[in-house]
Number of protein chains: 2
Amino acid sequence: MARIDTNRSGEMDVFVRVVDLGGFTAAANSLRQTPSGVSKLVSRLETRLGTRLVNRTTRKLQLTEEGQAFYQRAQRILADIDEAEREAASCVPRGHLTVNSNIPFGMLHVMPLLPRFMREHPDITLDIVLTDTLVDLMQARADVAIRAGPLGASRLIARKLGTSRMAVVASPSYLARHGIPKTPADLAGHRGVGWTFPRSIRGWPFRRAEKIEEALPPPVARASDGETARQLTLGGIGVARLALFHIGPDIEAGRLVPVLQNLNPGDREDIHAVYVGHAGPLPARVRAFIDFLAQHIRIGDPALRRGADGKWKIAGDKRARDDK
Amino acid sequence: MARIDTNRSGEMDVFVRVVDLGGFTAAANSLRQTPSGVSKLVSRLETRLGTRLVNRTTRKLQLTEEGQAFYQRAQRILADIDEAEREAASCVPRGHLTVNSNIPFGMLHVMPLLPRFMREHPDITLDIVLTDTLVDLMQARADVAIRAGPLGASRLIARKLGTSRMAVVASPSYLARHGIPKTPADLAGHRGVGWTFPRSIRGWPFRRAEKIEEALPPPVARASDGETARQLTLGGIGVARLALFHIGPDIEAGRLVPVLQNLNPGDREDIHAVYVGHAGPLPARVRAFIDFLAQHIRIGDPALRRGADGKWKIAGDKRARDDK
DNA sequence: GGGCCATCTTGAATTCACGTCACAAATGAT
DNA sequence: ATCATTTGTGACGTGAATTCAAGATGGCCC
């Protein structure tokens, strides 16, 4: 077998024990080995180094000068190894964590949790990067990314944080100026708010006689992130399709009005925390963060209903809580 | 098989190469291994440490924070190991050397060589301890001992440096006062110079009709070393049996006179450099010293002859040379 | 957008280093 | 002098690590 290397740390370990305990037999016992094994190992080491480390009779041990020097160095090296491994393996989450999130979800659900997270993990420092464009986790040097919508097949591992439905909305002022679309086909005559980056689905889905058809208003403005799109829509620029978890409060407050809601297919978009998988155990701080998110974020598939008073209500959406 | 320890240095070596060369395959090639071996090893390491060290796709490597820290520490540790081993294995003789010698031989044959030895090996420092009493090499922390006479069976290794015959001598003044012994039996009426420590042979051997008989003058003075015994004898205290390499010049100069020389059995006493054997290779400085002694000390079995003028001569004894 | 190449990963067979066992030698003490 | 303890040596067996072969994944180029 192509021997990569001799076990130099093991040799040093045994040698140090021999010196510390003052004998091969004692060292062997402390290592759960036989004296002959220790004898052979020390002989191997000496042969490999080309010098004798210890003069020995059946009664006494006497370090040579080389042995003395090697002993001290080995002691130090073993301590260094232990420290290096212990630090790398530190069970308490610590170090730096880079989180990448889409903007709406990050702002509304993640950021409110961060103070508590950092209180619970004082040894973790955080970078929060909010972008809606898809990023390469590794290129962005991010530990975790939070994405909405379908995940491309990759070796990323996803942990579901919640689900949200979508709604096509516009501002009351826009609807007053351009009228309320009654059918998907009407959208062709409307002004749309779209995206600067490609999305997984191009058109907006609508129910039509047990089937799904797509429609899309011609975009007159495009945003690079959901929050900008929301602002544009709030400003009466046009019609947009946004996530309920994002614009729920706007709808309830009447700042945005759902349209074609009776044709909404009710498709859900999952929100996931994704991280690189299949490459050894996760660092403690990454796991801690994901567990924290999964534990504290509960978005129970919110639904849109019209109240008796004609006002829209969001039901089932439990917001992130950083209280308690 | 009770695996004493994982090969922590080997793991670090592989990991460092992976980082340095930027890939598993490159590291595998540089280590004469297969990529799969490297992959498994890194996975093992990560599992053992309980954290991931490197995020990897088939194209890119991205160190985690733990990986970064571990990489730097590992690099340092590997350098330390190399240095420790290289220093221990240093091929050029260096360090401290403790030599133990019997006094006559040390003074007359070893010490004259030392200036040259130290000139040739400037990195060696020397301790010279002269004692005639037998010492335990290890207890005396000596690397080499030079002893005359038969060696006790032990695991010491002996290298022959020379041979010398013995002679029974006394000073002219003593002989003038007490007469010259003609037979071994006469010694019983003489005054002897003996030893404070036990010697391997108790009596002095003499030839008598193809057989060896022993005789010993009653000691009136005892010395702890050969040089003291010589001084006592030169002072006319009594009769002593001393090595020719030691008192040769005294005999030639007439300061000491051989007696019973016609009955001298001519037994030889070997002079050896002894060192602890069977325990791994010798340190370079020890080997250098022994080789140096063996090369420069030539004592060719000196013999005692009476010249035509009645004066005694020493033949065949080449003295140590520190010249040239 | 699809095929190709390079890379990493996984599972099963293989192998060689390392440790165990039993015995011998040596040392110091009783 | 004998005994007890410790180190050293040779033969043997184990099993952990490596290799081989095949499968996945990602990037690149056309």
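How many bridges pair β6(B) with strand β12 (residues 257-258) of chain B, and in which sense? The tour reaches that point at its third stop.

Before selecting anything, note that this is a predicted model, in which local features need pLDDT of at least 70, side-chain atom pairs count only at pLDDT 80 or more, and totals for chains, interfaces and linings use all residues. Residues are numbered from 1 along each chain as its sequence is written, while chains are lettered from A and ligands numbered from 1 in the order in which they are written.

**Stop 1: both chains**

Colour chains A and B separately. Here 49 residues of chain A are in contact with 51 residues of chain B; contact means that C-beta atoms, placed from the backbone, lie within 7 Å. On the chain A side, the elements giving two or more residues include α1 (8-21), α3 (35-49) and α4 (65-88). Helices (H or I, at least four residues) and strands (E, at least two) are DSSP runs, numbered from the N terminus. The largest share of this side, 13 residues, comes from α4(A).

**Stop 2: α4(A)**

Select residues 65-88 of chain A. The buried residues of α4(A) include A:F70, A:Y71, A:I77 and A:I81. A residue is buried if 20 or more other C-beta atoms lie within 10 Å of its own, exposed if 12 or fewer, and partly exposed in between, with C-beta atoms placed from the backbone.

**Stop 3: β6(B)**

Select residues 156-170 of chain B, which form strand β6. Strands pair if DSSP finds at least two bridges between them. To strand β12, β6(B) is joined in the antiparallel sense over 2 bridges, and B:V169 has B:P258 as its bridge partner there. Strand β13 (residues 268-276) of chain B is also antiparallel to β6, with 9 bridges. In β13(B), B:R165 is partnered by B:R268. Another 4 bridges run to strand β11 (residues 240-243) of chain B, again antiparallel.

**Stop 4: B:R159**

Stay in strand β6 and pick B:R159. Is this residue buried, exposed or partly exposed? B:R159 has 14 C-beta neighbours inside 10 Å, so it counts as partly exposed. Leaving out residues up to four places away in sequence, B:R159 touches B:H272, B:A273, B:I290 and B:A294.

Conventions
Contact = placed C-beta atoms within 7 Å.
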